[in-house]
Amino acid sequence: MDGVLYDSMKLHTLAWYRMMTELGISCERDEFYLYEGMTGKATINRLFQRAYGRDASQKEADELYQRKSQIFRELGERQVMPGAQKLMRRLGEMGLRRILVTGSAQHSLLDSLNIDYPGVFAPGDRVTALNVTHGKPHPEPYLKGLEIAGVRPEEAIVIENAPLGVLAGKAAGIETVAITTGPIPREEFVKAGADLIFPSMPEAAENFSLDLL
């Protein structure tokens, strides 16, 4: 969702950075691009382990994620990723069922999908942070996506914009397409094992074909 369907990662990274610095935890804004796909609690625990040598309690994690979500909402209106609506239409024209698999539980964006992507995701065709025990790079989110679709790994493709998401897709045994919609260099997607890499969403929307895989 974030970084594929919505041009929202720049706001997420700023929200994470502001929330963590409010706590006095030292961090860099751009490092949160590398955590994309992890659940909110997993991201919080990564910073807590570095700062305090422990995981956050469930109460701490819930309160901090709520604060991060509040900052995100205050930063501005959602922006659809340029080219993403065209890519979703292209996939539909190919006869592909589209399943949302996101590490987010950000209701402000999840609730907007039916407005910005009408008819793309059928009811129930979503896997979010609320549905999994392990977030990306663990394969569980994509394995749940396969289960919803009722297909085998070799019958699916993953479209990702984050190295952790690529690792999750590959760990689930699925051919994975990476699209560089943020500042993460192409080399990171190569290292994660992406089968195909596009330099931008408009490029992917214009040129994606199953024959490329």
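The side chains of S112 and R78 are joined by a polar contact of 3.5 Å, a polar contact being a pair of N or O atoms within 3.5 Å in which, within protein, one must be able to donate a hydrogen and the other to accept it, while residues adjacent in sequence count only if both atoms are side-chain atoms. The structure is a predicted model, in which local features need pLDDT of at least 70 and side-chain atom pairs count only at pLDDT 80 or more, whereas totals for chains, interfaces and linings use all residues. Residues are numbered from 1 along each chain as its sequence is written, and side-chain values use heavy atoms, with hydrogens and water left out.

S112 sits in the loop between α6 and α7 (113-116); helices here are DSSP runs of H or I with at least four residues, strands are runs of E with at least two, and both are numbered from the N terminus. With a relative accessible area of 5%, S112 is buried, where buried means under 20% relative accessible area, exposed over 50%, and partly exposed in between (1.4 Å probe, protein chains only). Leaving aside residues up to four places away in sequence, S112 touches Y6 and R78, contact meaning heavy atoms within 4.5 Å.

Another buried position is M88, with 7% relative accessibility, and this residue belongs to helix α5. Not counting residues up to four places away in sequence, M88 touches L5, R98, Y117, V120 and F121.

The buried residues of α1 are M9, L11, H12, T13, L14, A15, W16, M19 and M20, and they pack against α2 (31-34), α3 (40-52), α4 and α6 (107-110). After α1 comes G24, which has a positive phi, near 90°.

Helix α4 (residues 58-74) contains E60, a partly exposed residue with a relative accessible area of 24%. The E60 side chain reaches the backbone nitrogen of S57 at 2.8 Å. Beyond residues up to four places away in sequence, E60 touches F48 and R54.

Turning to charged pairs, side chains of opposite charge can pair when their charged atoms come close. Counting a salt bridge as a side-chain nitrogen of Lys or Arg within 4 Å of a carboxyl oxygen of Asp or Glu, the total comes to 13 salt bridges. In one of them, E31 and R50 meet at 3.0 Å, N to O. Since E31 lies in helix α2 and R50 in helix α3, this pair ties together parts that are 19 residues apart in sequence. E31 is buried, at a relative accessible area of 13%, whereas R50 is partly exposed at 47%.

A salt bridge also links K86 with E206, whose closest N and O atoms are 2.5 Å apart. K86 lies in helix α5 (residues 84-93) and E206 in helix α11 (residues 201-207), so the pair ties together parts that are 120 residues apart in sequence. Both are partly exposed, K86 with a relative accessible area of 37% and E206 with 45%.

Within helix α10 (residues 186-192), K191 and E188 are three residues apart, a separation of about one helical turn. These two form a salt bridge, with the closest N and O atoms 3.2 Å apart. K191 is exposed, with a relative accessible area of 62%, while E188 is partly exposed at 26%. Elsewhere, salt bridges that share partners join R152, E154 and E155 into one network.

Finally, strands β3 (residues 157-160) and β4 (residues 175-179) run parallel and are joined by four bridges, pairing being assigned if DSSP finds at least two bridges between two strands. E160 has A178 as its bridge partner in β4. From β3 the chain crosses through helix α9 (residues 163-171) to β4, and this β-α-β crossover is right-handed: with the strands pointing away from the viewer, the path from the first strand over the helix to the second runs clockwise.
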